[in-house]
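I opened a notebook page for this structure.

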Amino acid sequence: MGTPSQTFTMSLDTYWSDMMIPSVTCGSSCNSHAKYNSTASSTQVPKQGDFEFEYQQGSVVGDYAMDKFSFGDFDIQYQGFVAIEEVTDFPSYTDRNAKYDGVFPLGLQKLSKTGYDTPMSGLLATKEITSSMFGIYLSDKSGIDGKLTIGDYDHDLNNTLTWFTIPVASYSHWELYVEHTSVGSTQVSTSTFAMYFQSSIDYISGPSDDVTKIMETLGAWLQDGSETVYETGCDYTLPSVTFYIDISKKQPYSIPVDKYLIPQGENNMCTVAIRNGGEDKNWQMGTPFMRTYNTIFYGAANQIGLQKA
(Lines give C-alpha, C1' and ligand atoms only; values in the text may rest on other atoms or scores of the structure.)
Protein backbone atom coordinates (compact mmCIF):
# COMPACT_ATOMS: atom_id res chain seq x y z
CA MET A 1 0.00 0.00 0.00
CA GLY A 2 1.28 3.48 -0.86
CA THR A 3 4.38 4.94 -2.54
CA PRO A 4 6.95 3.77 -1.63
CA SER A 5 5.25 0.50 -0.86
CA GLN A 6 4.34 -0.43 2.70
CA THR A 7 3.94 -4.19 2.95
CA PHE A 8 1.18 -6.02 4.79
CA THR A 9 0.14 -9.62 5.26
CA MET A 10 -3.55 -9.82 4.40
CA SER A 11 -6.25 -12.28 5.41
CA LEU A 12 -8.39 -13.33 2.44
CA ASP A 13 -11.95 -12.84 3.66
CA THR A 14 -14.92 -14.06 1.60
CA TYR A 15 -17.37 -12.66 4.16
CA TRP A 16 -16.17 -9.06 4.44
CA SER A 17 -16.47 -6.41 1.74
CA ASP A 18 -14.21 -3.67 3.12
CA MET A 19 -10.43 -3.56 3.08
CA MET A 20 -8.91 -2.84 6.48
CA ILE A 21 -5.30 -2.07 7.39
CA PRO A 22 -4.03 -0.88 10.81
CA SER A 23 -2.88 2.73 11.05
CA VAL A 24 0.22 3.97 12.84
CA THR A 25 -2.22 5.70 15.18
CA CYS A 26 -3.65 2.36 16.33
CA GLY A 27 -2.63 1.48 19.87
CA SER A 28 -2.55 -1.78 21.83
CA SER A 29 -5.49 -3.35 19.97
CA CYS A 30 -3.30 -3.57 16.86
CA ASN A 31 -0.41 -5.08 18.85
CA SER A 32 2.55 -6.08 16.68
CA HIS A 33 0.78 -5.78 13.31
CA ALA A 34 2.48 -3.84 10.52
CA LYS A 35 0.89 -0.37 10.35
CA TYR A 36 0.10 2.04 7.53
CA ASN A 37 1.64 5.52 7.67
CA SER A 38 -0.23 7.86 5.34
CA THR A 39 2.32 10.66 5.75
CA ALA A 40 5.04 8.38 4.33
CA SER A 41 3.14 7.84 1.06
CA SER A 42 3.27 10.28 -1.88
CA THR A 43 0.13 8.73 -3.44
CA GLN A 44 -2.19 8.83 -0.40
CA VAL A 45 -5.43 10.78 -0.72
CA PRO A 46 -6.09 13.11 2.24
CA LYS A 47 -8.27 11.69 5.01
CA GLN A 48 -11.80 10.99 3.76
CA GLY A 49 -13.58 11.07 7.13
CA ASP A 50 -14.13 8.96 10.25
CA PHE A 51 -15.29 5.33 10.13
CA GLU A 52 -16.97 3.43 12.94
CA PHE A 53 -18.99 0.25 12.67
CA GLU A 54 -20.29 -2.43 15.02
CA TYR A 55 -19.91 -5.83 13.39
CA GLN A 56 -21.38 -9.06 14.74
CA GLN A 57 -17.95 -10.06 16.08
CA GLY A 58 -16.91 -6.66 17.45
CA SER A 59 -16.31 -3.02 16.52
CA VAL A 60 -13.81 -1.19 14.31
CA VAL A 61 -12.94 2.51 14.51
CA GLY A 62 -10.68 4.27 12.00
CA ASP A 63 -10.41 6.65 9.07
CA TYR A 64 -11.72 6.40 5.53
CA ALA A 65 -8.49 6.22 3.52
CA MET A 66 -7.35 5.82 -0.09
CA ASP A 67 -3.98 5.04 -1.68
CA LYS A 68 -2.27 3.04 -4.40
CA PHE A 69 -2.54 -0.70 -3.73
CA SER A 70 -0.59 -3.55 -5.30
CA PHE A 71 -0.94 -7.30 -4.93
CA GLY A 72 0.31 -10.12 -7.14
CA ASP A 73 0.50 -8.75 -10.68
CA PHE A 74 -2.17 -6.11 -10.10
CA ASP A 75 -1.99 -2.38 -9.31
CA ILE A 76 -5.01 -0.35 -8.23
CA GLN A 77 -4.41 3.39 -8.40
CA TYR A 78 -7.04 4.41 -5.85
CA GLN A 79 -8.01 1.68 -3.38
CA GLY A 80 -10.34 2.75 -0.60
CA PHE A 81 -9.84 1.15 2.80
CA VAL A 82 -10.27 1.68 6.52
CA ALA A 83 -7.11 2.74 8.34
CA ILE A 84 -7.82 1.08 11.68
CA GLU A 85 -7.33 3.09 14.86
CA GLU A 86 -9.04 0.76 17.34
CA VAL A 87 -10.43 -2.77 17.35
CA THR A 88 -12.71 -4.15 20.06
CA ASP A 89 -13.81 -7.75 20.69
CA PHE A 90 -11.93 -9.31 17.77
CA PRO A 91 -9.71 -11.78 19.65
CA SER A 92 -8.49 -13.39 16.42
CA TYR A 93 -7.07 -9.98 15.43
CA THR A 94 -5.93 -8.52 18.74
CA ASP A 95 -4.07 -11.74 19.61
CA ARG A 96 -0.35 -11.00 19.33
CA ASN A 97 0.11 -14.29 17.50
CA ALA A 98 -2.28 -13.34 14.68
CA LYS A 99 -0.51 -14.02 11.39
CA TYR A 100 -2.10 -11.26 9.35
CA ASP A 101 -2.15 -7.47 9.47
CA GLY A 102 -5.22 -6.52 7.47
CA VAL A 103 -8.30 -7.80 5.67
CA PHE A 104 -8.40 -8.38 1.91
CA PRO A 105 -12.15 -8.36 1.13
CA LEU A 106 -13.62 -10.94 -1.23
CA GLY A 107 -17.21 -10.51 -0.10
CA LEU A 108 -20.04 -9.06 -2.17
CA GLN A 109 -19.71 -5.41 -3.21
CA LYS A 110 -23.25 -4.59 -2.07
CA LEU A 111 -22.30 -5.42 1.53
CA SER A 112 -19.57 -2.77 1.76
CA LYS A 113 -19.98 -0.52 4.81
CA THR A 114 -17.62 2.12 3.42
CA GLY A 115 -19.02 2.34 -0.12
CA TYR A 116 -15.51 1.82 -1.52
CA ASP A 117 -14.95 -0.69 -4.31
CA THR A 118 -13.60 -4.07 -3.29
CA PRO A 119 -10.37 -4.96 -5.15
CA MET A 120 -12.39 -7.26 -7.43
CA SER A 121 -14.82 -4.44 -8.31
CA GLY A 122 -11.92 -2.07 -8.90
CA LEU A 123 -10.16 -4.47 -11.27
CA LEU A 124 -13.38 -5.07 -13.20
CA ALA A 125 -14.04 -1.32 -13.48
CA THR A 126 -10.57 -0.68 -14.97
CA LYS A 127 -10.87 -3.79 -17.18
CA GLU A 128 -7.71 -5.35 -15.75
CA ILE A 129 -9.86 -8.47 -15.48
CA THR A 130 -12.90 -9.33 -17.57
CA SER A 131 -14.55 -11.89 -15.30
CA SER A 132 -15.82 -11.58 -11.73
CA MET A 133 -14.76 -15.17 -11.04
CA PHE A 134 -12.11 -16.03 -8.45
CA GLY A 135 -10.93 -19.27 -6.94
CA ILE A 136 -9.37 -20.12 -3.58
CA TYR A 137 -7.11 -23.09 -2.92
CA LEU A 138 -5.94 -23.44 0.70
CA SER A 139 -3.10 -25.87 1.22
CA ASP A 140 -2.35 -27.65 4.48
CA LYS A 141 0.63 -29.53 3.03
CA SER A 142 4.12 -28.53 4.12
CA GLY A 143 6.01 -26.66 1.40
CA ILE A 144 2.93 -26.16 -0.81
CA ASP A 145 1.44 -22.69 -0.93
CA GLY A 146 -2.22 -21.87 -1.18
CA LYS A 147 -3.45 -19.87 -4.15
CA LEU A 148 -5.90 -17.10 -5.01
CA THR A 149 -6.79 -16.95 -8.71
CA ILE A 150 -8.37 -13.68 -9.88
CA GLY A 151 -10.61 -13.48 -12.97
CA ASP A 152 -10.78 -17.27 -13.37
CA TYR A 153 -9.96 -20.43 -11.41
CA ASP A 154 -6.97 -22.75 -11.51
CA HIS A 155 -7.65 -25.20 -14.34
CA ASP A 156 -4.57 -27.24 -13.36
CA LEU A 157 -6.56 -28.59 -10.41
CA ASN A 158 -8.23 -31.38 -12.33
CA ASN A 159 -10.69 -32.89 -9.86
CA THR A 160 -14.37 -32.77 -10.79
CA LEU A 161 -15.87 -29.30 -10.36
CA THR A 162 -19.53 -29.05 -9.37
CA TRP A 163 -21.40 -25.75 -9.74
CA PHE A 164 -24.20 -24.70 -7.41
CA THR A 165 -26.62 -21.84 -8.00
CA ILE A 166 -26.77 -19.28 -5.23
CA PRO A 167 -30.35 -18.79 -3.95
CA VAL A 168 -30.82 -15.27 -5.27
CA ALA A 169 -33.95 -14.60 -3.20
CA SER A 170 -31.84 -14.63 -0.02
CA TYR A 171 -28.52 -13.66 -1.58
CA SER A 172 -26.77 -11.75 1.22
CA HIS A 173 -23.33 -13.40 1.23
CA TRP A 174 -21.59 -16.15 -0.67
CA GLU A 175 -24.09 -18.77 0.43
CA LEU A 176 -25.61 -22.14 -0.33
CA TYR A 177 -27.81 -24.41 1.78
CA VAL A 178 -27.04 -27.46 3.92
CA GLU A 179 -29.97 -29.86 3.52
CA HIS A 180 -28.85 -32.26 6.25
CA THR A 181 -25.72 -33.52 8.03
CA SER A 182 -24.33 -36.90 9.02
CA VAL A 183 -21.45 -38.39 11.03
CA GLY A 184 -20.20 -41.43 9.18
CA SER A 185 -23.32 -43.35 8.14
CA THR A 186 -25.42 -41.81 10.93
CA GLN A 187 -27.70 -38.96 9.92
CA VAL A 188 -27.74 -36.45 12.76
CA SER A 189 -29.87 -33.66 11.33
CA THR A 190 -32.62 -33.15 8.78
CA SER A 191 -32.74 -29.38 9.25
CA THR A 192 -32.03 -27.06 6.33
CA PHE A 193 -29.88 -24.00 7.03
CA ALA A 194 -27.91 -21.49 4.98
CA MET A 195 -24.15 -21.99 4.80
CA TYR A 196 -21.74 -19.10 4.35
CA PHE A 197 -18.14 -19.36 3.20
CA GLN A 198 -15.67 -17.70 5.58
CA SER A 199 -12.07 -18.11 4.44
CA SER A 200 -10.75 -16.09 7.39
CA ILE A 201 -11.84 -18.40 10.25
CA ASP A 202 -10.11 -21.65 11.16
CA TYR A 203 -13.22 -23.57 12.17
CA ILE A 204 -16.75 -24.46 11.10
CA SER A 205 -19.66 -23.24 13.22
CA GLY A 206 -23.28 -24.20 12.99
CA PRO A 207 -26.75 -24.29 14.55
CA SER A 208 -26.61 -25.25 18.22
CA ASP A 209 -28.88 -28.30 18.04
CA ASP A 210 -27.12 -29.74 14.99
CA VAL A 211 -23.64 -29.24 16.41
CA THR A 212 -24.70 -30.76 19.73
CA LYS A 213 -25.90 -33.91 17.91
CA ILE A 214 -22.65 -34.09 15.92
CA MET A 215 -20.58 -33.84 19.11
CA GLU A 216 -22.67 -36.45 20.91
CA THR A 217 -22.09 -38.84 18.00
CA LEU A 218 -18.33 -38.11 18.02
CA GLY A 219 -18.15 -38.43 21.81
CA ALA A 220 -16.83 -34.88 22.22
CA TRP A 221 -17.56 -32.49 25.09
CA LEU A 222 -17.40 -28.76 25.74
CA GLN A 223 -14.05 -27.40 26.87
CA ASP A 224 -13.98 -26.16 30.45
CA GLY A 225 -15.38 -22.64 30.59
CA SER A 226 -16.56 -22.62 26.96
CA GLU A 227 -20.08 -22.71 25.54
CA THR A 228 -18.97 -23.13 21.91
CA VAL A 229 -15.66 -25.06 21.66
CA TYR A 230 -15.51 -28.85 21.96
CA GLU A 231 -12.66 -31.27 22.57
CA THR A 232 -12.07 -35.02 22.55
CA GLY A 233 -9.23 -37.49 22.50
CA CYS A 234 -7.11 -37.44 19.34
CA ASP A 235 -8.74 -40.49 17.79
CA TYR A 236 -8.08 -40.41 14.06
CA THR A 237 -10.39 -43.35 13.45
CA LEU A 238 -13.42 -41.12 14.03
CA PRO A 239 -15.76 -40.87 11.03
CA SER A 240 -16.05 -37.96 8.62
CA VAL A 241 -18.65 -35.26 9.14
CA THR A 242 -20.70 -34.83 5.96
CA PHE A 243 -22.74 -31.86 4.80
CA TYR A 244 -25.35 -32.48 2.11
CA ILE A 245 -25.40 -29.30 0.06
CA ASP A 246 -28.22 -27.87 -2.05
CA ILE A 247 -31.88 -28.66 -1.37
CA SER A 248 -32.37 -30.28 -4.79
CA LYS A 249 -28.95 -31.87 -5.44
CA LYS A 250 -28.21 -33.00 -1.85
CA GLN A 251 -24.55 -33.46 -2.79
CA PRO A 252 -22.40 -34.93 0.03
CA TYR A 253 -19.27 -33.01 1.06
CA SER A 254 -17.33 -34.78 3.80
CA ILE A 255 -14.78 -33.33 6.22
CA PRO A 256 -12.33 -36.09 7.23
CA VAL A 257 -11.15 -36.44 10.81
CA ASP A 258 -7.67 -35.05 10.11
CA LYS A 259 -9.29 -31.77 8.99
CA TYR A 260 -11.55 -31.31 12.01
CA LEU A 261 -9.28 -32.50 14.87
CA ILE A 262 -6.61 -30.04 16.03
CA PRO A 263 -4.00 -31.42 18.47
CA GLN A 264 -3.67 -29.38 21.66
CA GLY A 265 -0.12 -30.56 22.19
CA GLU A 266 -0.75 -32.25 25.53
CA ASN A 267 -2.46 -35.32 27.00
CA ASN A 268 -3.35 -36.60 23.51
CA MET A 269 -6.32 -34.19 23.45
CA CYS A 270 -7.70 -32.47 20.36
CA THR A 271 -9.92 -29.45 19.81
CA VAL A 272 -12.78 -30.11 17.39
CA ALA A 273 -12.80 -27.46 14.65
CA ILE A 274 -16.61 -27.54 14.52
CA ARG A 275 -18.18 -25.11 16.97
CA ASN A 276 -21.55 -24.27 18.39
CA GLY A 277 -22.70 -21.09 16.64
CA GLY A 278 -24.92 -20.05 19.55
CA GLU A 279 -27.71 -17.79 18.32
CA ASP A 280 -26.43 -17.97 14.73
CA LYS A 281 -28.73 -20.43 12.95
CA ASN A 282 -26.51 -20.77 9.88
CA TRP A 283 -23.42 -22.79 9.02
CA GLN A 284 -20.17 -20.81 8.72
CA MET A 285 -17.73 -22.79 6.58
CA GLY A 286 -14.19 -21.82 7.51
CA THR A 287 -10.85 -23.33 6.55
CA PRO A 288 -11.56 -26.96 7.58
CA PHE A 289 -14.10 -27.01 4.73
CA MET A 290 -12.13 -24.79 2.34
CA ARG A 291 -8.93 -26.81 2.77
CA THR A 292 -10.89 -29.93 1.86
CA TYR A 293 -12.61 -28.37 -1.18
CA ASN A 294 -11.32 -25.75 -3.58
CA THR A 295 -13.95 -23.04 -3.80
CA ILE A 296 -14.72 -20.94 -6.90
CA PHE A 297 -16.93 -17.87 -6.67
CA TYR A 298 -18.66 -16.47 -9.76
CA GLY A 299 -20.87 -13.51 -8.89
CA ALA A 300 -21.96 -12.65 -12.43
CA ALA A 301 -23.54 -16.09 -12.82
CA ASN A 302 -24.72 -16.38 -9.19
CA GLN A 303 -22.72 -19.59 -8.80
CA ILE A 304 -20.30 -21.24 -6.42
CA GLY A 305 -18.15 -24.17 -7.54
CA LEU A 306 -16.74 -26.88 -5.27
CA GLN A 307 -13.91 -29.23 -6.15
CA LYS A 308 -12.05 -31.80 -4.02
CA ALA A 309 -8.65 -30.36 -3.09
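I took a cavity to be a set of points on a 1 Å grid over the protein atoms alone, where a 1.4 Å probe fits but cannot get out; lining residues have an atom within 4 Å of a point. Points join across faces, edges and corners, and a volume is the space filled by probe spheres set on them.

The model is predicted: local features need pLDDT of at least 70, side-chain atom pairs count only at pLDDT 80 or more, and totals for chains, interfaces and linings use all residues. Residues are numbered from 1 along each chain as its sequence is written, and side-chain values use heavy atoms, without hydrogens and water.

**Cavities.** I found two cavities of 30 Å³ or more. Strands here are DSSP runs of E, at least two residues, numbered from the N terminus.

I then turned to the largest cavity, at about 70 Å³. Among its lining residues are I136, K147, D154 and Q307. Strand 7 (133-137), strand 8 (147-150) and strand 22 (293-298) each supply at least two lining residues.

I traced four strands in an open antiparallel sheet, ordered 14-15-19-18. Strand 14 (221-222) and strand 18 (261-263) are the edges; each has a single partner strand, so one side of each lacks a neighbour in the sheet. Strands pair if DSSP finds at least two bridges between them. Two bridges join strand 14 to strand 15 (residues 230-233). What is the bridge partner of L222 in strand 15? I noted Y230.

Methods: On a 1 Å grid over the protein atoms alone, a cavity is a set of points where a 1.4 Å probe fits but cannot get out, and a pocket is an open set with protein on both sides within 12 Å along at least five of seven lines; lining residues have an atom within 4 Å of a point.
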